[in-house]
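Have a look at the model first.

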Amino acid sequence: MTATERGPGASSPIGLHRVLEPRGVLPQAAWRLDASPDIYDDEVRVRVARINLDAASFRQLREAHEGDGAAVRREVLEIIRARGKMQNPVTGSGGMLVGVVDAVGPRSPLGLRPGQRVATLVSLTLTPLAIDDDLRRWDGATEQVPADGTAILFARSVAAVLPDDLPVPLALAVLDVCGAPALTERVVRDYAAPRVLVLGAAGKSGSLALAAARLAGAGHLIGLVPTADEAERLRDCGLADDVVVADARDPVLVADSIGPGADVTVVCVDAPGCEGGAILATAAGGTVIFFSMATSFAAAALGAEGVAADVTMLVGNGYAPGHAELALRLVREQPGLRRLFEQRLHLELSVKR
């Protein structure tokens, strides 16, 4: 069926027409979506090549199945088949994907053309997704999932054409978290040479947040990581002025480890329980940005109230104008940042082997 056979005006730019259950909610909140590959006249169909599970979801799945990759693969496949999208029922999060534009409806405003390699910059939790190959090329050991299938983009979806100068796995890893550096840069620019703390600083979003904070004029950068190995990698890339090894889930230890409170604290840890440390480590009048999908926003709000913390708390929603371009530029221009990403990808492959 072609786009025009669906009928003009039958679709919603935000995807309401794809919601099967329950009716009347946005696609992200829906339990089940219509993942049919037949597109409406304002939609785009993408042939999926690789899925990138978000860190919080992948961690939860690995822990729930005690590292059994085959069991992880089966559960991911079951989720996608049952829901018509990838949305971990425990974490509520999904990830994003890369693929090749397969068909473009005549009224699509996204400016995409068939044959273009793209990364979707909207969550898999609201992207209609169908898998055709049973994920048979994936052993469940890495966040990046080779796949064959179809995904649907709505009129108000966001996608980026993949750059030719970066390997696809690297570009995917960067674009997966490109909202983090954009919002970090915006917030840091509101302060005069602020003291910036990043929890989970050696990860994808954390390292990009450090790089963006430096670009925006941060006066002092502190990277907090959980292990000595991560601290060594972070020091080697030169993104932080100080590197601290501490458990981000221990609020008193976090606050004691960094000294004077930070003006801006960015939380990029994929484990739950980091809200208290971020709040205690932030100076009065400062800002906490939560980028982790493992965050409990009730715990953050009530925790700040409980310790009389006068801080502004922001939810990183993953989108800001120009976010993909900024993230890719940071990786291109900062060799240490790119090296950190490449090391992470290499470690994931080593675990897989």
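Helix α5 (residues 179-188) packs against helix α11 (residues 323-333) at an angle of about 95 degrees, and their axes are 8 Å apart. That makes α5 roughly perpendicular to α11 (the label covers angles of 65 to 115 degrees). Keep in mind that this is a predicted model, where local features need pLDDT of at least 70, side-chain atom pairs count only at pLDDT 80 or more, and totals for chains, interfaces and linings use all residues. Residues are numbered from 1 along each chain as its sequence is written, and side-chain values use heavy atoms, with hydrogens and water left out.

**The α5–α11 contact**
- On the α5 side, Gly179, Pro181, Ala182 and Glu185 make the contact, and on the α11 side His323, Leu326, Ala327 and Leu330 do (contact means heavy atoms within 4.5 Å).

**How α5 is enclosed**
- Nine of the 10 residues of α5 are buried, so the helix is largely enclosed by the rest of the structure (buried means under 20% relative accessible area, exposed over 50%, partly exposed in between, with a 1.4 Å probe and protein chains only).
- The buried residues include Leu183, Thr184, Val187 and Val188.
- The cover over the buried residues of α5 includes β9 (195-199), α6 (204-215), β12 (262-267), β13 (282-290), β14 (312-315) and α11.

**The aromatic pair**
- There's one aromatic pair in the structure (ring centres must lie within 6.5 Å; planes under 30 degrees apart count as stacked, over 60 as edge-to-face and the rest as tilted).
- The rings of Phe290 and Phe297 have centres 6.3 Å apart and planes at 85 degrees, so the pair is edge-to-face.
- Phe290 is buried at 2% relative accessible area, whereas Phe297 is partly exposed at 38%.

Notes:
Axes fitted to C-alpha atoms, helices over the stretch in contact; angles between N-to-C directions. Helix = DSSP H or I, 4+ residues; strand = E, 2+ residues; numbered from the N terminus. Parallel < 35°, antiparallel > 145°, perpendicular 65-115°, else oblique. Phe/Tyr/Trp six-rings, centres within 6.5 Å; stacked < 30°, edge-to-face > 60°.
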